[in-house]
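Morning, everyone. Let's walk through the strands in this one. Here it is on the screen.

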Amino acid sequence: MFNFFKKKDKKEVVKEVNVYAMCDGEFVNIEDVQDEVFAQKMMGEGFAIRPTNGTINSPVDGQVDNIFPTKHAVSFTVGELEILLHMGIDTVSLEGKPFTILVNENTQVSKGDNIADVNLTELEENDKDKDMIIVFTNGAEVIDKIDVKASGTVSKGDLVATIKLK
């Protein structure tokens, strides 16, 4: 399995994690994302939102662990749960140009904190899918149950899923 997370000292005990919409847009089941790695859940269970604007907020109350050098992805932890926010599909080749990251690694964030601005027009001009994808990369090991609460149009901060941890 992929390891996008830096090792930390002892984690806090968390049994339930609320995950919120990180942007305004249309909720998309992970199976419907136009990338087979995500759609086939090779990186884990999750969901996506097709954004209507480029303001991206934190989906959780947690810690920012890693910001990818190409700025297309940010990883978080909440207790034992590892969460990857992947911005767009096949956006590594853009070398970070459409992304402005507004947080630092190893910092605490709260749901709704602005963490990135994405130039959606630049993604479209480069024929890149603009789905904002959330994947629980270690979900098989730590998730007991995912209760999806969203469908259709969502707004930043809407509760999308409640995750019960083992």
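Start with an open sheet of three strands, in the order E4-E10-E8. The pairing in this sheet is antiparallel. Keep in mind that we are looking at a predicted model.

Which strands form the edges here? They are E4, residues 55-57, and E8, residues 99-101. Each of these two pairs on one side only.

E10 covers residues 114-118. How many bridges join E4 to E10? Three, and the two strands run antiparallel. If you want a residue pair to click on, take Asn57, whose bridge partner in E10 is Asn114.

Strands of a sheet pair through backbone hydrogen bonds, and the sense is either parallel or antiparallel.

Next, strand E3, residues 45-51. Is E3 mostly covered or mostly open? Mostly covered: five of its seven residues are buried. By buried I mean under 20% relative accessible area.

E3 pairs with E2, which spans residues 25-29. That pairing is antiparallel, over five bridges. Look for Asn29: it stands opposite Phe47 in E3.

E3 also pairs with E11, residues 132-136. Again the sense is antiparallel, and again there are five bridges. Here the pair to find is Glu45, with Phe136 of E11 opposite.

So, to recap E3: five bridges to E2, five bridges to E11, and five of seven residues buried. That's my part. Over to you.

Definitions and conventions. Residues numbered from 1 in each chain as written. Predicted model: local features only at pLDDT ≥ 70, side-chain atom pairs only at ≥ 80, totals over all residues. Heavy atoms only, no water. Pairing = 2+ DSSP bridges. Helix = DSSP H or I, 4+ residues; strand = E, 2+ residues; numbered from the N terminus. Buried < 20%, exposed > 50% of the residue type's maximum accessible area, 1.4 Å probe, protein only.
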